[in-house]
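Here is a short note for a colleague who is new to this structure. Please read it with the model open.

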Amino acid sequence: MATAQVLHARGLLRGLVLFLLIAASPASAVAAIRYVSTTGIDAANDCVDSGAPCATLQHAVYSADDLDEVRVAAGSYTGSATVTVTRASNEYDYRQVLFIGKPLSVRGGYLETDWNTSDPQTNATAIDADGDGRPVSVVDTGDGVVTLAGFTLTGGDSTGLGNPPETSNHVCRSGAEQDCGGGLYVYNSALVLEACEVSDNVASTVAGDGGGIYLWRARATTLADVLVRQNQAPYSGGGLHAEVQNHPLAIADAEFIENTADRGGGVSLGTNIENPVTITRSTLSGNSATGVYGGGGALYARLTTNGDVLALDQVVISDNTAWGRGKALLIESAGPVTPYARLTNILLSDNGPVPGAPASDEDAVVALGPGFTHLEIDLAHVTAAGNAVDTFMYVEPYAFGDTPRTINVRAVNTLLSGFVTGFIAREAGDGEASVTHTRTLFHEVTNPHLTLDGTPEFIAIEPLSGDPMLDVDSRLQAGSAALDQGIDAGVALDLDGDHRPQ
């Protein structure tokens with residue numbers, strides 16, 4: 001899925017991280033390679049002989065030292081167990097097939113006849129919880145990087161394994177008897193997840209977040225070339241849920257497909273998102289936010305810091321559904337801050353309501369607010385066409401008291417096709433909304449702007465009209481009214497990675 005250039009960049013990054021870690025270690029420390037196979041034996045085995053591999057992932061990881069690499073032969077690895085961690089005199093129970101509590105690499109996709117070449121597509125390597133806990137937990141490695149590559153994480157169900165009764169913020173950052181992390185759980189650790197599939201996992205059948213992946217106080221985290229598919233959570237983040245993200249989270253060349261939750265069907269950036277989150281060259285498709293008060297079929301984000309905090313570039317967002325606001329995207333903010341989000345090279349198509357959801361004048365493909373703080377957002381080269389909802393963007397700043405709360409939207413080179421209304425705004429209480437768009441092409445759009453409450457400001461600079469002549473993939477064809485009509489928005493590449501202008 002990734003280009004050679006991207007793979008090279010990842011290699012440089014991993015190499016730099018490894019160099020820094022080794023440089024900080026004693027000169028005599030040499031990372032070892034450990035080997036695992038379904039035909040192996042654990043007894044009296046330290047897993048360092050490739051001709052006599054161990055049988056289980058957990059034994060190999062327990063045998064490994066910091067910075068070691070565990071290589072895993074093709075096959076399905078099962079067998080869940082509970083690991084108890086004592087932290088500040090409290091005991092925390094984690095149940096999974098593989099528990100990782102030290103910085104190292106675990107890589108699948110090998111053959112016993114070739115331990116030098118990882119090919120996870122040909123040599124499928126699964127960690128299957130078989131409905132008993134989750135496949136993998138990564139806990140308390142701090143800034144020490146854990147790399148997990150070349151696996152399918154599946155069969156997870158963490159029902160009843162999260163917070164104990166009458167205990168909040170224990171295993172999961174949530175209330176009592178709530179669960180989290182059906183496929184992969186990460187707490188207070190740095191992670192690189194690459195060339196992995198996280199599929200068919202359940203955070204909980206009762207209450208909880210993060211059907212596929214759950215990040216809580218995660219350190220610097222990279223997800224590259226991953227498929228997150230058909231995971232479920234009762235509350236937030238069918239595919240991925242992040243809580244207290246105080247370090248960068250980078251997602252690239254990823255697919256979030258057919259995940260389901262009450263809110264943030266594909267991805268939920270839930271609470272205390274206070275460091276940049278970037279999603280590039282990715283697809284969010286077929287996800288659903290089914291909760292009556294939920295929204296963000298593809299992505300829900302609650303931003304809580306000043307400055308750059310969310311950036312999407314070269315992202316296709318299609319066929320997502322939501323019951324509430326933001327059939328595709330729902331972005332809001334909280335706290336005495338002014339977060340900034342930037343969406344560039346975005347395609348929004350075929351997004352709409354969950355079947356049976358009542359119609360509302362707040363229905364839109366993209367919803368901003370309500371939030372209890374300011375929000376600044378820029379859009380550049382965004383195409384929205386063929387969506388099953390009447391409005392492209394709904395904006396609602398919400399504030400009461402002496403301090404107005406504002407949402408300011410600036411859009412450049414936007415293409416809107418097939419809407420009743422382009423931009424709708426409602427000012428609640430002392431909220432103030434401003435939408436400025438430049439060179440927007442309206443095609444089969446009845447009303448460019450609509451005010452529901454208050455006096456929002458709409459500024460249209462050099463709006464365009466005409467048939468964009470989109471093909472089945474929503475790309476411009478010859479004769480399109482959008483060709484050569486945009487202005488320089490400082491975006492060097494287009495949705496497909498080609499250089500601008502052509």
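1. Basis. This is a predicted model, where local features need pLDDT of at least 70, side-chain atom pairs count only at pLDDT 80 or more, and totals for chains, interfaces and linings use all residues. Residues are numbered from 1 along each chain as its sequence is written, and side-chain values use heavy atoms, without hydrogens or water.

2. Asp363. Asp363 sits in the loop between strand E29 (352-353) and strand E30 (366-368). Strands are DSSP runs of at least two residues, numbered from the N terminus. Asp363 counts as buried because its relative accessibility is 13%; buried means under 20% relative accessible area, with a 1.4 Å probe and protein chains only.

3. Its partners. The side chains of Asp363 and Lys327 make a polar contact of 3.3 Å (a pair of N or O atoms within 3.5 Å, one able to donate a hydrogen and the other to accept it; residues adjacent in sequence count only if both atoms are side-chain atoms). The Asp363 side chain also reaches the backbone nitrogen of Ser360, at 3.0 Å.

4. Aromatic pairs. Rings of Phe, Tyr and Trp (its six-membered ring) pair if their centres lie within 6.5 Å; planes under 30 degrees apart are stacked, over 60 edge-to-face, the rest tilted. The count is eight pairs. Tyr94 and Phe99 form a tilted one, 6.0 Å centre to centre with 45° between the planes. Tyr185 and Tyr214 are stacked, at 5.8 Å and 15°. Ring pairs link Tyr94, Phe99, Tyr185 and Tyr214 into a cluster.

5. Charge over ring. Arg263 has its charged end over the ring of Tyr300, 4.1 Å from the centre. The rule asks for NZ of Lys or CZ of Arg within 6 Å of the ring centre and within 35 degrees of the ring normal.

How values were computed. Helices (H or I, at least four residues) and strands (E, at least two) are DSSP runs, numbered from the N terminus. Buried means under 20% relative accessible area, exposed over 50%, partly exposed in between (1.4 Å probe, protein chains only).
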